[in-house]
Amino acid sequence: MDDVISKLAEIEAAASRIMENVAEQKKVLSLENEEKMKAFDEETDKETEKKLNKIKSELQIHMEKELEEQRKKTEEVLEKMEEHYRQRAGKMARELYDKILRM
């Protein structure tokens, strides 16, 4: 009977050590998981930031091109208006002068 009790005690001690080892492994795995998740989050954040910076840069370039095109179109319109005025100003001044003299 003492042998049975002794064996049961040994089995219980072994089971206790196994449970302690399992608990320790669980802690280690949990820490490894947390580190992996943290590394994944950091990598994802870096990739996201990189993509956002690329998009911002592309948008900035596109906006600058659009602004330059608008600037050129505006300058062309102003030049046409000024040319039209230069061509017509003398004629309009003469017509106005003639009307004033006829009065």
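Mentor: Let's start with arginine 86, which is exposed, with a relative accessible area of 53%. This is a predicted model, where local features need pLDDT of at least 70, side-chain atom pairs count only at pLDDT 80 or more, and totals for chains, interfaces and linings use all residues. Residues are numbered from 1 along each chain as its sequence is written, and side-chain values use heavy atoms, leaving out hydrogens and water.

Trainee: Why is arginine 86 called exposed?

Mentor: Exposed means over 50% relative accessible area, buried under 20%, and partly exposed in between (1.4 Å probe, protein chains only). Arginine 86 has 53%, so exposed is the word.

Trainee: What makes the contact of arginine 86 and glutamate 83 a salt bridge?

Mentor: A salt bridge needs a side-chain nitrogen of Lys or Arg within 4 Å of a carboxyl oxygen of Asp or Glu. Here the N to O distance is 3.1 Å, so the pair qualifies. Both residues lie in helix 1, three residues apart, about one turn of the helix.

Trainee: How many salt bridges does the structure hold?

Mentor: Two. Arginine 71 and glutamate 68 also meet in one, at 2.7 Å, N to O.

Conventions
Helices (H or I, at least four residues) and strands (E, at least two) are DSSP runs, numbered from the N terminus.
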